[in-house]
Amino acid sequence: MEGGAYKPHVLVLPQDGQGHMNPMLQFSKRLASKGIKVTVATFVSATKTMKRASMITFYPIYDDVTEGGMHGPGGLKAFIEKFQTIVSKNLLDFIKTSKHQINCLVYDANLHWAIDIAIGLGIPGAAFFTQSCAAISGYHMLNEEMLLSDQSSADPELPPALGVPNVPNMGSESGRFPAILQHILGQLSDLEKADWVLFNSFDELEGEVVKELSKRYSVKTIGPTIPSMYLDKRLEDDIYYGFNLFKPDKDFCLNWLNTKEIRSVVYVSFGSVAVLNAEQMEELAWGLKQSNNSFLWVVRASEKEKLPTNFIEETSEKGLVITWCPQLEVLSHEAVGCFMTHCGWNSTLESVSLGVPMLAMPQFLDQFSDAKFVEEVWGVGLRPKVDTEKRIVTREEIQVCINAVLNDEKKEVIKKNAKKWKELAKEAVDKGGSSDKNIEEFVAWIVANC
Ligand code: UDP
């Protein structure tokens with residue numbers, strides 16, 4: 001592949017959304033760094049904002065189709081169908097007419113129907129999951145045991161054989177939006193057709209579950225996909241480019257962190273999608289204030305009106321509320337002592353890999369199994385208890401848990417575990433590590449099949 005020789009060409013198809021674009025883009029960069037030509041097919045505005053990604057080519061594959069999204073006429077179901085029809089056609093056209101032949105399609109497992117297009121054109125395909133291996137095992141259980149009739153029970157237990165203590169919580173979310181449930185479980189429907197099933201995770205982190213899933217599929221863990229400059233603080237290979245749903249005010253928030261003591265700040269974020277109810281938002285606000293620690297809280301513009309009146313002014317000495325931040329830089333900052341998170345898989349993996357203890361406040365779906373792993377399996381954080389009557393996490397509980405992670409004797413054990421997992425994450429992606437080897441094998445397989 002050297003000296004201008006033929007480069008195999010991989011087409012990467014992420015679903016839109018922060019938690020999908022980020023890991024698939026970073027994985028694309030890893031493939032490119034190993035001599036693969038990569039084209040990322042994505043929505044038009046993303047191709048414009050990510051121009052700096054010179055190692056990768058972007059191809060705009062969908063645009064107006066997202067108009068109205070799941071809130072348009074017909075709801076989520078109609079939206080997904082329309083999306084599939086348009087993207088399938090554009091994908092087919094692109095692959096057929098690409099000057100540089102496509103040798104493999106890496107598609108977001110949420111867009112599971114893409115494998116049929118690849119097969120139809122005689123191209124190998126790899127499904128890419130942006131959730132944990134444990135969550136996908138959980139969905140399998142749900143699918144197979146027909147638990148759908150009992151969606152409302154929170155955290156049903158899985159048989160210990162899987163080593164997964166928790167099924168993702170389908171709870172009220174799926175009850176209100178059955179199309180979400182269908183969409184989520186749809187990820188599994190064509191999986192056996194894929195040549196590879198890739199996970200943004202690493203073997204050491206989810207060993208037992210990886211083994212179980214490997215009995216069914218050709219699983220390869222290739223994560224964490226976090227740029228190496230964050231994992232080992234070297235600025236060698238990466239000019240970091242990523243996808244940002246909102247514009248972060250980077251200097252402002254990093255300068256603020258620079259003024260804080262080492263490991264003293266609670267970083268709070270519920271990701272790009274989760275919506276807290278007003279009561280929970282208020283409890284969280286007062287819990288942060290009462291804990292008397294410094295906090296950096298990402299409250300998306302659409303959520304800001306739920307903050308208690310005058311909260312920002314009243315807490316300005318200790319706290320900073322911003323609408324979006326450069327999360328990897330925040331988590332790598334030495335002033336950050338813990339991360340209060342909704343446990344989206346990217347946030348969880350980023351925190352594990354950067355050695356930041358967590359306060360796990362899951363809101364829906366796979367966030368519940370991620371939270372359980374954070375507390376019970378990896379021992380890198382605590383999960384504040386939900387008050388069963390009020391159905392929220394109270395300010396008192398928030399205060400107690402923050403202080404336990406930042407100040408109590410518990411903090412030493414959690415810190416030790418966090419350090420261990422941080423080292424293992426770095427080892428996994430370093431040359432010769434488990435994920436690096438998996439990527440090498442994947443690349444060798446693509447080359448052999450050209
Ligand atoms: N993120 C960010 N800035 C923020 C909040 C989140 O860059 O202020 C990034 C974060 O680093 C992660 C992604 O957004 O990569 C969120 O993905 P996750 O799976 O955690 O949650 P989702 O948004 O999909 O619920």
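**View 1. Pairing of strands E12 and E13 in the predicted model.** Strand E12, residues 358-360, runs parallel to E13, and the two are joined over 2 bridges. Across this pair, Met 358 stands opposite Gly 381 of E13. Strands of a sheet pair through backbone hydrogen bonds, in either a parallel or an antiparallel sense.

**View 2. The open sheet that contains E12 and E13.** The sheet has 6 strands in the order E10-E9-E8-E11-E12-E13, and the pairing is parallel. Its edges are strand E10 (319-322) and strand E13 (381-382), each of which pairs on one side only.

**View 3. Helix H10 on the sheet.** Helix H10, residues 250-258, packs on the sheet and touches strand E8 (265-269), strand E9 (294-298) and E10. The direction of H10 makes about 165° with that of E10.

**View 4. The two domains of the protein chain.** Domain 1 is made up of residues 9-234 + 430-448, and domain 2 covers 250-425. Between them, 30 residues of domain 1 are in contact with 22 residues of domain 2.

**View 5. The side of domain 1 that touches domain 2.** Four helices each supply at least two residues of this side: helix H1 (18-33), helix H5 (133-144), helix H6 (171-176) and helix H9 (228-231). The largest share, 4 residues, comes from H1. Sorted by class, the side of domain 1 that touches domain 2 has 13 nonpolar, 14 polar and 3 charged residues.

Definitions and conventions. Residues are numbered from 1 along each chain as its sequence is written. This is a predicted model: local features need pLDDT of at least 70, side-chain atom pairs count only at pLDDT 80 or more; totals for chains, interfaces and linings use all residues. Domain bounds come from an automatic or database domain assignment. Two residues are in contact if their C-beta atoms, placed from the backbone, lie within 7 Å. Ala, Val, Leu, Ile, Met, Phe, Trp, Tyr, Cys and Pro count as nonpolar, Asp, Glu, Lys and Arg as charged, and the others, Gly among them, as polar. Two strands pair if DSSP finds at least two bridges between them. Axes are lines fitted to C-alpha atoms, for helices over the stretch in contact, and angles run from 0 to 180 degrees between N-to-C directions.
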